[in-house]
Amino acid sequence: MKTFEYSFTAPSSDIQHDMLTTMLAGIGFDSFMDDDRCLKAYCTEEHRDDIAVDSLLADSAFFDIHLLKVEEMPDKDWNELWEASYQPVIVNDRCRVRAPFHEPDSSFEFDLVIEPKMSFGTANHETTAQIIQLMLETDFQDKDILDMGSGTAVLAILAKKLGAARTVAIDNDEWAYRNAFTNCELNGVTDIEIVLGDASAIQGHFDVVLANINRNILLRDMYLYVNAMSPKAHIFFSGFYIADLDSIKAEAERLGLRYCRHLSRNDWVAAEFSK
């Protein structure tokens with residue numbers, strides 16, 4: 001399959017860099033590389049969408065970012081190159097998130113295997129790692145769980161490992177939907193309900209809701225998440241910056257939620273609220 005390299009002018013800040021790569025990943029780019037002058041992003045022919053790239057760059061947040069060139073890449077063993085650079089992520093010395101080519105390590109209480117493919121959620125990003133940190137400090141035993149915007153389903157899988165009862169993982173991306181089945185099988189988890197859809201697909205009520213998406217979708221769909229929360233349920237939000245926390249808090253409190261705590265790393269936030 002053909003692979004294309006997109007070269008963009010270098011982002012002006014770490015925040016802009018993280019925002020751009022996150023949004024590029026959301027439209028089909030699966031790997032990135034920085035040099036002194038530009039940011040390079042890679043996608044397969046199947047996921048190439050120049051209209052989506054143009055639309056993304058039209059966002060005012062990227063007014064100084066320009067697409068410099070697009071090149072078809074020569075054939076390479078891209079999996080081998082990726083494997084050489086991908087490292088496991090360790091959270092709280094209890095949970096390791098690794099790829100299938102890494103050796104198991106029984107010294108970790110939870111040694112999760114994730115084949116990310118094109119799906120978001122390998123724990124390499126601060127948002128996923130911080131939600132995992134909050135989850136490790138939360139009682140999931142016999143709780144019903146909703147993982148909204150589940151990506152690789154890493155959070156749903158960890159929830160089951162933590163003793164969750166009914167666990168539902170919903171994502172509107174078909175690639176993520178199919179990838180979730182692969183990762184459940186890799187981790188020996190067979191009873192997660194994997195659903196292709198958006199927030200309108202939520203059915204039932206849950207004791208814990210996990211929503212690692214982005215600021216705009218969280219604000220738009222938060223009322224649907226709250227409607228699906230059981231009395232005294234908890235919800236974890238992530239996928240937004242510390243500058244957005246006040247607007248997330250304001251909408252959550254307007255909907256009757258109580259702020260509990262948040263974590264922040266490199267300006268990315270994971271926050272917990274209760275009903």
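Helices (H or I, at least four residues) and strands (E, at least two) are DSSP runs, numbered from the N terminus, and on that basis the protein contains 8 helices and 14 strands. This is a predicted model, in which local features need pLDDT of at least 70 and side-chain atom pairs count only at pLDDT 80 or more, while totals for chains, interfaces and linings use all residues. Residues are numbered from 1 along each chain as its sequence is written, and side-chain values use heavy atoms, with hydrogens and water left out.

**Confidence**

- The mean pLDDT, which is the predictor's confidence in each residue on a scale from 0 to 100, is 89 for the protein, and 92% of its residues reach 70 or more.
- Among the elements, strand β8 (residues 145-148) has the highest mean pLDDT, at 98, whereas helix α3 (residues 78-85) has the lowest, at 57.

**Overall form and surface**

- The radius of gyration, taken over C-alpha atoms, is 19 Å, which agrees with the value near 19 Å that a compact globule of 275 residues would have; the globule rule is 2.2 Å times the number of residues to the power 0.38.
- The C-alpha trace spans about 55 × 40 × 30 Å along the principal axes of the protein.
- Of the contacts (heavy atoms within 4.5 Å) between residues at least 6 apart in sequence, 66% join residues at least 24 apart.
- The protein exposes about 13200 Å², of which carbon and sulfur atoms supply 47%; these accessible areas come from the Shrake-Rupley method with a 1.4 Å probe, and for residues only the protein chains shown count as cover.
- There are 24 positive and 47 negative charges, and their mean positions are 5 Å apart; Lys and Arg count as positive and Asp and Glu as negative, while His and the chain ends are not counted, and the place of a charge is taken as NZ of Lys, CZ of Arg, CG of Asp or CD of Glu.

- Helix α5 (residues 154-161) has 7 of its 8 residues buried, so it is largely enclosed by the rest of the structure.
- The buried residues of α5 are Val154, Leu155, Ala156, Ile157, Leu158, Ala159 and Lys160, and the helix is followed by Gly163, whose phi is positive, near 100°.
- Ala153 lies in the loop between β8 and α5, is buried at 0% relative accessibility, and has a positive phi near 75° although this residue is not a glycine.
- Thr152 belongs to the loop between β8 and α5 and is likewise buried, with a relative accessible area of 0%; its C-alpha atom is separated by 17 Å from that of Met135, which is 17 residues away along the chain.

**Loops on either side of α4**

- Asp142, in the loop between α4 (126-136) and β8, is exposed with a relative accessible area of 57%, and this non-glycine residue has a positive phi of about 60°.
- His125, in the loop between β7 (110-113) and α4, is buried with a relative accessible area of 15%, and its C-alpha atom is separated by 13 Å from that of Ile15, which is 110 residues away along the chain.

- Lys69 lies in strand β4 (residues 67-72) and is partly exposed at 44% relative accessibility.
- Leaving aside neighbours within four places in sequence, Lys69 is in contact with Glu5, Tyr6 and Ser7, while its C-alpha atom is 21 Å from that of Ser13, a residue 56 places away in sequence.
- His66, in the loop between α2 (50-57) and β4, is partly exposed at 46% relative accessibility.
- With neighbours within four places in sequence again left aside, His66 is in contact with Ser7, Phe8 and Thr9, and the C-alpha atoms of His66 and Tyr223, 157 residues apart along the chain, are separated by 36 Å.

**Helix α1**

- Thr21 lies in helix α1 (residues 14-26) and is buried, with a relative accessible area of 12%.
- Not counting residues up to four places away in sequence, Thr21 touches Phe32 and Leu39.

Conventions: Buried means under 20% relative accessible area, exposed over 50%, partly exposed in between (1.4 Å probe, protein chains only).
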